[in-house]
Amino acid sequence: MAVTRARIQVPCPWHQDAMVQLVEQHAQGRLPHALLFSGPRGVGKLRMAESLAQTLLCEKPAGGLPCGQCQGCQLSTAGTHPDLHRLSPEAGSRAIKIDQVRQLVSFATRTAQYGGYRVAIIQPAEALNRNAQNALLKTLEEPGGQTLLILVSDQPTLLLPTIRSRCQQRLLPVPERQQALEWLQGQVGDSAASLLDAAQGAPLHALALEQADWFADREKLLEALVSVAEGRQSVAQASPLLAKHDPTEMAGVIYGWLSRSLHQSISGEASADSRLAPLLERLGRAVPPARLLRAGQRVLEGRRALLSGANPNKELLYEQWLLVLVGVDAAAAAH
Ligand SMILES: [Zn+2]
């Protein structure tokens, strides 16, 4: 019978310095009672939060990491540690409800069942609406002793200033490309570079993209873009293939291709994804740099609109993006 080992969260390599600092702060009794981990999506903020929580709840942490053996570790990895509280939107909801915050408030006022730390992870913190944030304020101000609240957020500007000012903020940025690439290559092999491009350099986001259905189709999808740029296919012929995929996600992917193609045509340095490199080169030959840039800009604008809740016709949106490649910029004409 296979032995199932508890899953211990280790921070990503690019967060090790930040983790060491926090563990030192803890050893010196200077850990604040609220931390805000902010930074782009997919850089490993939650992993860092989980790792810190597990370390604080571990009975014998070693080298700043949880031991993985003790009862504390077993409970926290099983998701049943009574002194670890996770707050996220419930299934089917995008918001963290005020009732959930009330449960957290009551958690923060109880004594720790195992006599050590109590840790709460709120993720994503921007899912707290205004009322929920207000309900959390008092707890952030005066949690019980040995209590740590970790807020994790891609969009900390959506938090009330009063929330932000009560947390010690740690900005966890996109790691340096080489380090991200090495790590990702260890997980996914040759496709690391193109995944990282599609994820704007955020390695965990890149890892999630590998599971996405567009990834298996990526050659066909990029081929559709290229054939429009080369005038071998009309925009209307190409867009249905793209429209099978979620435009918010594809916007990041297409933006990654456009900027990689631009980079490739300027520097002559081919993409590390050998399946995509010839297509990216063709794209760079067919579309002048200024137009590639403009197309990238339109794709990002579209992505922002989608993220803010716009619900456009998918095929039309893809058509608009493709049209920029052949020199028709509907957005510019509208200004
Ligand atoms: Zn342990």
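Me: Where is Pro124 found?
Reply: Pro124 is found in the loop between β3 (118–122) and α5 (130–141). Here helices (H or I, at least four residues) and strands (E, at least two) are DSSP runs, numbered from the N terminus. This is a predicted model: local features need pLDDT of at least 70, side-chain atom pairs count only at pLDDT 80 or more, and totals for chains, interfaces and linings use all residues. Residue numbers start from 1 along each chain as its sequence is written.

Me: What kind of peptide bond joins Gln123 and Pro124?
Reply: A cis one, with omega about -10°. Most peptide bonds are trans.

Me: What is the phi of Gln146, which is not a glycine?
Reply: Positive, about 50°. Most residues other than glycine have a negative phi. Look for Gln146 in the loop between α5 and β4 (147–153).

Me: What makes α4 roughly parallel to α5?
Reply: Helix α4 (residues 98–109) and α5 pack at an angle of about 5°, with axes 9 Å apart. That makes α4 roughly parallel to α5, because angles under 35 degrees count as roughly parallel, over 145 as roughly antiparallel, 65 to 115 as roughly perpendicular and the rest as oblique. Axes are lines fitted to C-alpha atoms, for helices over the stretch in contact, and angles run from 0 to 180 degrees between N-to-C directions.

Me: Which residues in α4 meet α5?
Reply: Ile98, Val101, Arg102, Leu104, Val105 and Ala108 in α4. Their partners in α5 are Asn131, Ala132, Ala135, Leu136 and Thr139. Contact is judged by C-beta atoms, placed from the backbone, that lie within 7 Å. By class, this contact of α4 with α5 has eight nonpolar, two polar and one charged residues. Ala, Val, Leu, Ile, Met, Phe, Trp, Tyr, Cys and Pro count as nonpolar, Asp, Glu, Lys and Arg as charged, and the others, Gly among them, as polar.

Me: What makes α11 roughly antiparallel to α12?
Reply: Helix α11 (residues 218–229) and helix α12 (residues 235–242) pack at about 165°, and their axes are 9 Å apart. That angle makes the pair roughly antiparallel. Lys220, Leu221, Ala224, Ser227 and Val228 of α11 make the contact with Val235, Ala238, Leu241 and Leu242 of α12.

Me: Which hand has the crossing of α11 and α12?
Reply: It is left-handed. The rule: a crossing is left-handed if the near helix is turned anticlockwise from the far one by less than a right angle, and right-handed if clockwise.

Me: Why are α12 and α16 called oblique?
Reply: α12 and helix α16 (residues 314–325) pack at about 125°, with axes 9 Å apart. They are therefore oblique to each other. The crossing of α12 past α16 is right-handed. The contact uses residues including Val235 and Pro240 of α12 and Tyr318 and Leu322 of α16.

Me: How many residues has helix α1, and how far does it reach?
Reply: α1 (residues 16–27) has twelve residues and reaches 16 Å from its first C-alpha to its last, close to the expected 16 Å. Gly29 follows α1, with a positive phi near 70°.

Terms used:
The expected span of a helix is 1.5 Å times one less than its number of residues. Two residues are in contact if their C-beta atoms, placed from the backbone, lie within 7 Å.
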